[in-house]
Amino acid sequence: MIHGRAGASPFVLVSDHAGRAVPAGLGDLGVPAAEWERHIAWDIGMAGMGRHLAGLLDTILIEQAYSRLVIDCNRAPGHPTSVVRVSDGTAVPGNLDLDDDDVAARVAAIFRPYHDRIAAELAGRPADSTIVVALHSFTPEMGGVARPWHAGILHNHAPRFGLMLKALLEEETGLLVGDNEPYALTDTSDYTIPTHAEARGLPHVELEIRQDLVADADGQREWAERLARLLPLAWERYRA
């Protein structure tokens, strides 16, 4: 799904797990209805926050509408968690006993069109005035361990812009911002940023926001307004 528009803004927003749609032929994958409300199905809050942010920045947002339980668009095809059999303790029966053709069909129908659209957007933009912002959210607790961060900045080979944004976020009273927490960005754990930003030499950031902070419209608006203020400031510092 595409929201906003490509224009003068340097920011290209991408959201790998914004939706939880499932192709009709796959039904509910055998996953109970209540589980589709959990983080295992999508990045809670990112659809609402991302669209609001795109509007405030007057820029484009490229969203993946399909659930990560169908295929994870931030994992390379063939990665062990590209098509999960179990996610945070929940079995996904519809992903069991898949053959290579079944997986290839999901790659062709869902994974490739999403990444082709990102690639096409970036190919048409000047490299010296383009920055990729990947939007994600994380569950407040995983495996019984609380995650105290309000947000996390994920980075790999080129951390400069992300760390500038981290510094700005930390200036906001009371915010605890993780540095490669609660996840770390690596060449193998992630796909979108390494493929579309790092490989092109583009500045970028992979941003994680704790899901309880963006679970409702007020939180989504608050974070969109915060990021709409701080992302341009980080860009100014980056280019100085």
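Predicted model: local features only at pLDDT ≥ 70, side-chain atom pairs only at ≥ 80, totals over all residues.

Mentor: What follows is a set of questions about labels, each answered from a value and its definition.

Trainee: Why does H115 count as buried?

Mentor: Buried means under 20% relative accessible area, exposed means over 50%, and partly exposed lies in between, with a 1.4 Å probe and protein chains only. H115 has 3% relative accessibility and therefore counts as buried. H115 belongs to helix α2, where the buried residues also include R106, V107 and I110. Helices are DSSP runs of H or I of at least four residues, and strands are runs of E of at least two, both numbered from the N terminus.

Trainee: What does H115 touch?

Mentor: Leaving out residues up to four places away in sequence, H115 touches C73, Y191, T192 and H196, where contact means heavy atoms within 4.5 Å. For α2 as a whole, the cover over its buried residues includes β2, β3, β6 and α4.

Trainee: Where does helix α2 bend, and by how much?

Mentor: Helix α2, residues 100-123, bends by about 40 degrees at V107; the bend at a residue is the angle between axes fitted to the seven residues ending there and the seven starting there.

Trainee: What makes the pair of W235 and Y238 stacked?

Mentor: A search of the whole structure finds 3 aromatic pairs. The rings of W235 and Y238 have centres 5.8 Å apart and planes at 10 degrees, so this pair is stacked. By definition, rings of Phe, Tyr and Trp (its six-membered ring) pair if their centres lie within 6.5 Å, and planes under 30 degrees apart count as stacked, over 60 as edge-to-face and the rest as tilted. Both residues lie in helix α5, 3 residues apart, about one turn of the helix, and ring pairs link F161, W235 and Y238 into a cluster.

Trainee: Which labels do W235 and Y238 receive for accessibility?

Mentor: W235, at 9% relative accessibility, counts as buried, whereas Y238 has a relative accessible area of 24% and is partly exposed.

Trainee: How do you know that R160 lies over the face of Y238?

Mentor: R160 is at 4.4 Å from the ring centre of Y238. A charge sits over a ring if NZ of Lys or CZ of Arg is within 6 Å of the ring centre and within 35 degrees of the ring normal. The charged end of R20 likewise sits over the ring of W42, 3.8 Å from its centre.

Trainee: Why does the span of α5 agree with expectation?

Mentor: The expected span of a helix is 1.5 Å times one less than its number of residues. The 23 residues of α5 should therefore span 33 Å, and its end C-alpha atoms are 33 Å apart, which agrees. The buried residues of α5 pack against β2, α1, β6, β9, α3 and β11.

Trainee: Why does V177 count as buried?

Mentor: V177, found in strand β10, has 7% relative accessibility and therefore counts as buried. Among the residues that V177 touches are W149, K166 and L169.

Terms used. Residues numbered from 1 in each chain as written. Heavy atoms only, no water.
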